[in-house]
Structures are given as structure tokens and as C-alpha cells.
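Hello,

Here is the structure I promised to pass on. Have a look at it first, and then read on for what turned up.

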Amino acid sequence: MPLNILIVGAGICGPAFAMLLQRSNPKHKITIVERFPSLRSTGQQVDLKTQAPHILRKMGLMNEIKSRCVDETGLEMVDSKGEQIAVFPATTAGQRRPGLTSEHEIMRGDIVQVLYDATVKQNAEFKHERGDGNGVTYEFGQTITDLSQGVDGVDVTFVNGHKKRYDLVVAADGQSSRTRRLAFGREASDASFKTLGIHGAYFSISRIEDEGTLARGYIAPGKRIIITRPSGRPVTGVLFFTMGESPKLNASYAKSTESQREAFSEIFQDAGWQSKRLLNGLANSDDFYAHELGQIKMTQLSTGRVVLLGDAGYCTSPFTGLGTNLCLLGSYILAGELARQDGDVTGALNAYEEKMRPLIDECQQISSTGLGLFFPSSQLGSWFVHQLIWAVSKLNGLFPTSQKKDDHGKRIPSYPELNLPF
């Protein structure tokens, strides 16, 4: 049974879900709205591991994804003078060892572009199979301001004042989802954010000659971490993380981007290593972004005919490295259940909740206490963590890498109803 569906957000989840669902029934009418005026090509490097590569392979996109993966060969930990402490090579599928880099690493903007292009191409291919006015449509510079639920649909008011009714609204608009707040209420939405007590800033600077293909990590006293990721690109990605109370930083989120730059500049002013170069880059970067790190934990993933997808419903935080994986899993399972239930939206949403809950719990496993170990406050604490990292790297080299069969594909539910190419 064809459905009229609104997807809010054209990041990774929205296009992935639209592409998967359209394959099950080309006559679905799927509208994707994005508040930005165009596709967002910015964003940090993301991991594609566990089930994510298997889902992308089922969609027929893995070869294109591989062609756009960055060239990052591992992580080098350094001290305040830039001297090497340890090296952790990239982890391939099936391996178990510490490190930052996975076999498939891609810039967020690149995977968003691949998914967008794939939906546009598929929509054109299915043109002859659907009726007029159906298919996948993107609307940029558009967002919603109100939701009103009925028994069999959702009335949506857009920022331009237009109103339309949909069979289902999918909130794929990220950790700070406006759609979640409209559907579940501000109190429940705000309470879903569980802080890790860490603040992060992300930006790009000009690459220098000796940066190579290794990411570099530096742990500074004062509960600060710096990571650089050249990844074989003309620019180097920089990540600043700090843990602990900072009234000025907390207050800056309600102010301007310049206030956030200033707050991070003050915190990392005397961090050591390449902090002077990196702070100069921060001041002049055009892609600076900062936020408080946390997880989104909702007691339920849907209310009526509004459903949460990806970070809007179960953000994992960058420190798990599983956000993109969970996003693609959610897109695949939600599309699969809607296809299987064939018009029974309520039944599909219940099945989506049941299947996603254990996966969410697994991917969100993280300890803020454990993370705190890597944010020492003193010079002595920093030295101790460096010694621990050195020891782990040596032990890692002494023993054969733990290699096990990559069985993540077997853990993905089977949905022949999606009519996927692989």
C-alpha cells in the first residue's frame, strides 16, 4: 500500500531510508525537507564498520563508498614535543584491537552526497513504475513549525505557512531534533540528552607537508585532547575535546559561533604540541562547529505516526564510533518493517522499536568514568596515560592480531520485501 511520508533531514538517515523504502514500492510518495538551502557537504570523518558496510553493499553503494574513502592508515600518539609515543594501525573488518581508524573511513559530506545521488538516480529509474506526483522529492530551505496528530495521519505546518497531511513523519534531523521536540514535547526531548561531560570542537586547517596519512593524538594536562586527521586530503581536520566544568564554554552555546571559538581558544591556549598552529587555524576556519557531547536516550522511538530515526532518537556520541552504523541500521529496519507490514504503520513502528532497542543499547555502551581516564588534569596524570598507551601498543604488537570472522552481516534482519539488488 503506497504511503505519503515526510522525512525531516537530508543527512545520512533521511536519504538512506528513502532509497530503501522506495525499492519496496516505487509508488510511495516520499518528501525530504532540509532546513539548509542546499545539501550540507561539511562534517567530520565517520566510521563505516560492523553492520554499516553490509547494508551499503545490499544497497549497491559500497563500491562508490570505497572510492571516496579517505587515506588514513592509523593513529599516532605524540607527546608535547611531537615525539611518537605509540602507533595503532587501522583496524580491518573482523579485527579486534585498539585504535581510531577503521577500514572504511569517509567524510560525512561524501557519504551524504553518495546517498543523495543514489536516491535521485533511483527515483528517475522508477519513474515508469509510479503514478504522477509520487516518488522521492527534496525540498531545501524548508522546515516544519508544528505537528498535529490524528488517528490516521499527521498534519504538518511548514515555515512558509503551508499545511499538508502525511501518513508518517520521520524525524531524521539530528541530535538536537526540532521534530522530536514538537512530537514528544520539550520536556521529554530535553530530558533525553544524557551528557558525557565532554565538549568538542571541529574545524579544518591547511595541511603541512610532513603530516602523512596517520591521524595524530595528543593528551594534554588540564583535561584536554587534540586530534588531527590529514587523511590524504588538502586540508587537515582538527578535533578539540575538553572535559569538566567551563561556565564560559557552557554559556557560549547560547551565543554566537565567535563566542564558542573564543571559549575553546582560551581552554587550549597553553596545551602544547601544535596548539599555536591549530589555534591560528581555528580563528580562521570556515567550518568550525562545537557542541556538548552526549547521547540521546528516548524511552520510546515513536508517538502516534511520528518516528525518530538516527541521532534524533539514539545518538551514540562520537566516542563510540557507531553513530553511522546505528543510523543505517535504523533506516534499514524501519524501511523493512514498513514494507513487511504493507500499510500497517502502527504495526511497523512497534516492530521497529522491538528490533532496534537491543541494538541501540549495545551501541550506546560507554562509560563517562572510563573516558575520564583519558582526560588527566595534571602533568603527572598526562605522563601516566602516555605510559599506559605505550604499554597497550607494545602488547598489541607482541601478540597476533585477534581476527575473527566478520559475522555482522548475519545479524542484520532479512527483508526480501525491500527488493534490494544484493
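A residue is called buried here when its relative accessible area is under 20%, and exposed when that area is over 50%. Please keep in mind that this is a predicted model.

With that cut-off, Phe264 and Phe288 are both buried. Their rings form an edge-to-face aromatic pair, with 6.4 Å from centre to centre and 70 degrees between the planes. Phe264 belongs to helix H8 and Phe288 to the loop between H9 and strand E17 (289-296), so this pair ties together parts that are 24 residues apart in sequence.

Helix H9 itself (residues 275-284) has Ser275, Leu278, Leu279, Gly281 and Leu282 as its buried residues. They sit on the same side of H9, because they cover an arc of only 160 degrees around the axis. Lys276, Ala283 and Asn284, on the other side of H9, are exposed. What do the buried residues of H9 pack against? Their partners are strands E13 (193-206), E15 (224-229) and E16 (235-243), together with helix H8 (257-267).

Back to the rings: the model has 15 aromatic pairs. One of them is Phe203 with Phe240, edge-to-face at 5.3 Å centre to centre and 85 degrees between the planes. Phe203 and Phe240 are both buried. There is also a cluster, in which ring pairs link Tyr202, Phe241, Tyr289, Phe319 and Phe375.

Best wishes

Methods:
Residues numbered from 1 in each chain as written. Predicted model: local features only at pLDDT ≥ 70, side-chain atom pairs only at ≥ 80, totals over all residues. Heavy atoms only, no water. Buried < 20%, exposed > 50% of the residue type's maximum accessible area, 1.4 Å probe, protein only. Helix = DSSP H or I, 4+ residues; strand = E, 2+ residues; numbered from the N terminus. Arc of directions from axis to C-beta. Contact = heavy atoms within 4.5 Å. Phe/Tyr/Trp six-rings, centres within 6.5 Å; stacked < 30°, edge-to-face > 60°.
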